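Here are some notes on the model you sent, written as numbered points so that you can follow each one beside the structure.

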Amino acid sequence: MKPRPFDYAQPDTAAEAVALLAEYGDAARVLAGGQSLVPMLNLRLIDPDMLIDISQVKELGAICDLGDVIEIGAAVTQNKLLAWPQLKQKLPLVAAALPYVGHFQTRNKGTVCGSIAHADPSSELPLALAVSHGEVVLRSARGERVLPASEFQQDMLTTAREADELVAAVRFPVMAGQGVGFHEVARRHGDFAIIAVAAAAAKDNTIRVGVGGIAGRPMVRDIHGDAAGAIGAWAEELEGYEDLHASAALRRDLFRKLGPHVIAQAKGKA
Amino acid sequence: MRRVDRNDRPRVTLMLNGKRLSAEAEPRMLLSDFLRHALGATGTHVGCEHGICGCCTVLIDGVAQRSCLTLAVQAEGREVTTVESLAAADGALNPLQQAFRNNHALQCGFCTPGILMSFTDYLRRNPKPSTEQIRDVLSGHICRCTGYAGIVKAVEEAAKSAP
């Protein structure tokens, strides 16, 4: 329950962090909030040569309103975003999802980008990013590229990030005035969701629905008309998976129950 | 840029409950172990060591977080506040601690230091929380003997007695 030895660096700038990543590649791990990474270190599930601590890099600690999108830097904690005064108005789906992310104590340290970079299939923030059609900003010594959420997260704990790239920021499109819904079922409040469902209503009666905890990454689909029917058919298609917490059949069943409920939430607020 | 080799044991200096203290720590040393083994401050308890149980919760620069998910080297120059800071020098309990005693909010007491530190931070941000909000914060802790009803009542009493 103690990490294996590793070298530690605390860069002062994003450029220094990126230079270290170029040097170490996948032998390095980026430490932001550490709420997923340090448990993996303690349990010796990972064994990096170098830990690059970006938590104190000032330029990565900002929430920037860019007009159409809100850009959240890699060192922004979940509770900092939750306390951002404009969150409810500009990013209502994130505002609905964030209270489900871990606990008060872990949100104090855990970052928004870290959760998305970790890419747990049942995590709330990757789901919110996918349903929002958000983007991930990847920076390396080679330059910068921006990937849509759908291309970034590929499978369970697997993303399109190259070994020398830093998840420098994520961008959530502003959803002011859009109706949203979010709900999940977990064994204990704040635990990983067994099933999490997010929805956002568009003006043309289309509802974009996303589900986490049923496949290797958040699945997103636009739904028109009969919600229960569409969700039921989708649940069958997705199959789901079995683990310690739930069978695949329970996952499908939870999705069938939660889906229409969350869609109604989104419509009610639209 | 600060760099620490895995074999280095630099001195880490921090403010612990208002006192400037330092000791050696290799990069992989957790803050929870640093507090207990290097500084001898054993009020902070260690349960699961992966952030689930909440026993080891301390304040870093006033913010409640898991000391088992923080490296000692990350606490360099920071202000760390632990359960030892709560009671007065003569041992008089602070209002939150007294409310825990009044409401039988602890039995074995293993989880209590972390819970006290969580609510020390939370009640500063939200001095008059609802029962639901208290339960939400408490969900970040596991108690295996007393149960949660007394803890919720204690926090409610502490909040009520605060100005």
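Predicted model: local features only at pLDDT ≥ 70, side-chain atom pairs only at ≥ 80, totals over all residues.

**Notes on chain B**

1. Helix H4 of chain B covers residues 131-138 and helix H5 of chain B covers residues 149-161, and the two pack at an angle of about 125°, with their axes 10 Å apart.

2. On the side of H4(B), Thr131(B), Ile134(B), Arg135(B) and Leu138(B) meet Ile151(B), Val152(B), Val155(B) and Glu156(B) on the side of H5(B). Sorted by class, the residues of this contact of H4(B) with H5(B) are 5 nonpolar, 1 polar and 2 charged.

3. Another pair of helices can be read in the manner of the first point. Helix H2 of chain B (residues 95-102) and helix H3 of chain B (residues 112-125) pack at an angle of about 130°, and their axes are 10 Å apart; H2(B) and H3(B) are therefore oblique to each other. The crossing in which H2(B) passes H3(B) is right-handed. From H2(B) the contact takes Leu96(B), Gln97(B) and Phe100(B), while H3(B) gives Thr112(B), Leu116(B), Phe119(B) and Thr120(B). The contact of H2(B) with H3(B) holds 4 nonpolar and 3 polar residues, with no charged residues.

4. Turning to the strands, S2 of chain B (residues 11-16) and S3 of chain B (residues 19-24) pair in the antiparallel sense over 6 bridges. Within this pairing, Leu14(B) stands opposite Leu21(B) in S3(B). The hairpin of S2(B) and S3(B) has 2 residues between the strands, and Asn17(B) takes a positive phi near 50° there.

5. How is chain B divided into domains? Domain 1 spans 11-83 and domain 2 spans 95-161, and the centres of these domains of chain B, taken over C-alpha atoms, are separated by 21 Å. In the contact between them, 16 residues of domain 1 of chain B touch 13 residues of domain 2 of chain B.

6. On the side of domain 1 of chain B that touches domain 2 of chain B, the elements giving two or more residues are strand S4 (57-60) and strand S5 (63-66) of chain B. The largest share of that side, 3 residues, comes from S4(B). By class, that side of domain 1 of chain B has 9 nonpolar, 7 polar and no charged residues.

Technical notes. Residues numbered from 1 in each chain as written. Chains lettered and ligands numbered in written order. Axes fitted to C-alpha atoms, helices over the stretch in contact; angles between N-to-C directions. Helix = DSSP H or I, 4+ residues; strand = E, 2+ residues; numbered from the N terminus. Contact = placed C-beta atoms within 7 Å. Nonpolar A, V, L, I, M, F, W, Y, C, P; charged D, E, K, R; others polar. Pairing = 2+ DSSP bridges. Parallel < 35°, antiparallel > 145°, perpendicular 65-115°, else oblique. Left-handed = near helix turned anticlockwise from the far one by under 90°. Domains from an automatic or database assignment.
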